[in-house]
Amino acid sequence: MANPVLEVKNLGIDFGGLTAVNNLNMEVYEGEIVGLIGPNGAGKTTVFNLLTKVYDPSRGSILLDGKDIARMTTVDVNKAGIARTFQNIRLFGKISVIDNVKTGMNNHHAYSVADAIFHTKKRNESEKRITEKAEELLKIFNLYDSRDIEADSLPYGAQRRLEIARALATEPKLLLLDEPAAGMNPQETDELMNTIRFVRDKFAISILLIEHDMSLVMNICERIYVLNYGTLLAKGSPDEIKNNEKVIKAYLGD
Amino acid sequence: MKGIMNTLFGKKNRSRTISFSLVILVYIVIEILMHAIRMPRLFTSLLVPVCCYIIVALALNLVVGFSGELSLGHAGFMAIGAFTAVAVSGLSASAVPNGMLRLFLSVVAGCIVSGLFGLLISVPVLKLSGDYLAIVTLAFGQIIKSLINNMFLGFDKNGLHFSFVTNEVSLENGKMLLSGPMGATDTAKISNFTTGIILILITLFIIYSLINSKYGRTIMAARDNRIAAESIGVDISRTKTLAFVISAALAGMAGALYALNYSTLQPSKFDFNTSILILVYVVFGGLGNINGTIISTTLLYVLPEMLRSLQDYRMLIYAVVLIVVMQLTNSSRIRRFADRITDLFRKKGEE
């Protein structure tokens with residue numbers, strides 16, 4: 001198999017006396033779509049917060065393309081190549097849809113404050129490229145027609161799609177999706193699945209996603225990690241997970 | 001050049017076109033009026049101060065409206081700009097006899113010094129999240145006022161003389177620039193309305209250029225959602241510092257213009273009340289609303305002056321007007337009504 005993009009080794013975090021995640025080992029390979037599932041409170045979002053350094057891990061290491069990012073800041077982790085969406089949507093509500101996406105591109109298009117104020121050629125060319133790229137992303141996520149409205153006034157499903165578009169704008173190697181299908185109807189979920197696959201192929205990235213919608217997970221994930229009480233319960237292909245007794249027990253109880 | 005023209009009058013940004021047209025139009029009308037008829041002294045004396053307060057309110061709106069941080073010390077930055085400008089203007093009076101050039105130098109100096117102070121206080125404070133900036137700027141405003149209140153600065157042929165305690169500055173045939181609580185005395189009045197308007201236009205240009213660039217987007221992103229902004233690689237403290245420093249520099253510019261409009265100026269002019277007054281202009285005009293800021297500053301500055309004849313009732317009426325307008329602009333019914341009217345006009349325009 002190809003090289004691992006993400007390699008998590010013995011990752012753990014304690015909040016006071018409570019161990020939320022412990023001894024987690026996982027890999028995500030190039031071009032893979034990997035699922036992270038588990039019952040409520042299993043620590044899935046905590047893992048995402050550790051990977052993006054919202055929390056500092058108490059132990060373990062996180063390797064992105066072989067480089068340890070466990071001591072970086074959230075901003076540097078994004079620059080290194082991890083982008084994410086949030087379980088409770090976090091958009092920039094009072095700026096326009098297209099500006100939300102454009103904000104994601106800042107680190108790849110450098111021009112100075114003086115360039116901005118004096119409208120230099122550098123600024124204008126950068127802005128033109130940013131706009132073109134942002135429009136392209138909005139078209140992929142079917143948001144192009146609402147590009148000029150405030151992000152807050154988008155319908156729920158569209159807000160979820162915009163968050164993914166904004167994360168992709170940072171040109172990540174690894175995209176973390178936290179419940180991308182939450183609150184969507186079956187038809188929207190179907191469309192989302194196609195979009196996720198399309199995005200993976202077009203931008204050649206790896207995707208790690210948390211999701212409760214099992215039809216989505218079983219459909220698009222190539223491998224699945226199951227988390228329970230902060231530790232790894234099982235890992236394997238969708239079929240293996242479906243038939244794993246420990247997983248069934250964790251979800252349904254004894 | 002084409003890019004600049006596009007920014008000023010491009011179709012895409014209506015608010016921007018309105019701002020520039022509004023300011024230029026008002027300028028032309030007032031200039032014509034001043035040449036055609038004899039305007040009362042009360043009116044003409046308000047022109048430059050209004051320009052100054054518009055600039056400083058626009059500057060504060062960059063912090064409060066766009067960056068989402070609270071500053072309670074913008075009068076402090078005005079004071080720094082003002083007294084820097086007085087000193088520069090006084091020192092260069094013989095070297096640069098041309099008033100316009102001296103004004104330019106003084107305004108630039110006021111701008112830079114004030115911006116540096118802005119950098120000095122915002123770098124440590126904006127590393128923290130929370131309301132710390134409000135607290136620090138509140139203290140900063142008071143400290144600056146007290147400092148200038150106790151500062152004696154003069155120069156003669158032996159050079160600059162400076163004292164912090166009492167007026168120990170003895171000059172041989174020289175000139176006092178700052179004399180403690182008396183402030184600046186005998187300043188050459190070199191500000192004028194045209195310069196004020198030009199500085200407003202420059203301020204508008206800087207602010208619009210900034211908010212329509214990647215920097216503006218990060219400033220607003222950091223305001224709307226800190227965690228999400230960090231997750232897409234926005235350095236929050238740097239972004240907020242940028243907005244604050246530019247705002248401080250512009251406030252200094254306004255102060256410089258203000259100081260050079262009067263022959264005497266006391267430091268007590270730039271006290272806490274002035275900071276709050278500027279904040280009122282910004283809130284009244286709408287957070288992040290540039291045209292609103294211009295209009296509200298003009299109205300709220302001119303209104304109390306116009307009501308002078310009513311003496312004691314003056315501040316009462318001012319307060320009532322403030323409350324009524326704030327209530328009205330926040331009422332959803334009035335908003336809907338305003339939306340219907342604008343829709344009506346738009347339809348007519350399309351036909």
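**View 1. Buried residues of H6(A) pack against strand E6 (82–84), helix H3 (97–103), helix H5 (121–140), strand E7 (174–178) and helix H7 (186–203) of chain A.** What you see here is a predicted model, in which local features need pLDDT of at least 70 and side-chain atom pairs count only at pLDDT 80 or more, while totals for chains, interfaces and linings use all residues. To find your way around, note that residues are numbered from 1 along each chain as its sequence is written, and that chains are lettered from A and ligands numbered from 1 in the order in which they are written. Helices (H or I, at least four residues) and strands (E, at least two) are DSSP runs, numbered from the N terminus. H6(A) is mostly covered, with eleven of its 14 residues buried. A residue is called buried if 20 or more other C-beta atoms lie within 10 Å of its own, exposed if 12 or fewer, and partly exposed in between, with C-beta atoms placed from the backbone. Among the buried residues of H6(A) are Gln159(A), Leu162(A), Ile164(A) and Leu168(A).

View 2. Following H6(A), look for Glu171(A), whose phi is positive, near 55 degrees.

**View 3. Domain 1 of chain A touches domain 2 of chain A.** Domain bounds come from an automatic or database domain assignment. For chain A it gives domain 1 (4–91 + 166–252) and domain 2 (92–153). The centres of the two domains, taken over C-alpha atoms, are separated by 28 Å. Ten residues of domain 1 of chain A are in contact with 13 residues of domain 2 of chain A; contact means that the C-beta atoms of two residues, placed from the backbone, lie within 7 Å. On the domain 1 side, H6 and H7 of chain A are the elements that give two or more residues. H6(A) supplies the largest share of that side, four residues. The residues of this side divide into five nonpolar, two polar and three charged. Here Ala, Val, Leu, Ile, Met, Phe, Trp, Tyr, Cys and Pro count as nonpolar, Asp, Glu, Lys and Arg as charged, and the others, Gly among them, as polar.

**View 4. Four strands of chain A form an open sheet.** Their order is E2-E1-E4-E5, with antiparallel pairing. At the edges are strand E2 (18–29) and strand E5 (67–68) of chain A, each of which pairs on one side only. Two strands pair if DSSP finds at least two bridges between them. Five bridges join E1(A) to E4(A), residues 59–64, and the two run antiparallel. As one place to look, Val8(A) has Ile62(A) in E4(A) as its bridge partner.

**View 5. Asn10(A) and Glu179(A) each have a positive phi.** Most residues other than glycine have a negative phi. Asn10(A), with phi near 50 degrees, lies in strand E1 (residues 4–15) of chain A. Glu179(A), with phi near 50 degrees, is found in the loop between E7 and H7 of chain A. Asn10(A) has 12 C-beta neighbours inside 10 Å and so counts as exposed. Glu179(A) has 20 C-beta neighbours inside 10 Å and therefore counts as buried.

**View 6. Strand E1 of chain B pairs with E2(B) and with E3(B).** E1(B), residues 152–156, is joined by four bridges to E3(B), residues 175–179, and these two strands run antiparallel. E1(B) also pairs in the antiparallel sense with E2(B), residues 159–163, over five bridges, and a hairpin of two residues joins E1(B) to E2(B). Follow Phe152(B) to see both pairings: its bridge partner in E3(B) is Ser179(B), and Ser163(B) in E2(B) stands opposite Phe152(B).

**View 7. Chain B is in contact with chain A.** 24 residues of chain B are in contact with 31 residues of chain A. The elements that give two or more residues to the chain B side are helix H1 (2–9), helix H7 (193–211), helix H8 (214–224) and helix H9 (226–231) of chain B. H8(B) gives the most, with seven residues. The residues of this side divide into eleven nonpolar, eight polar and five charged.
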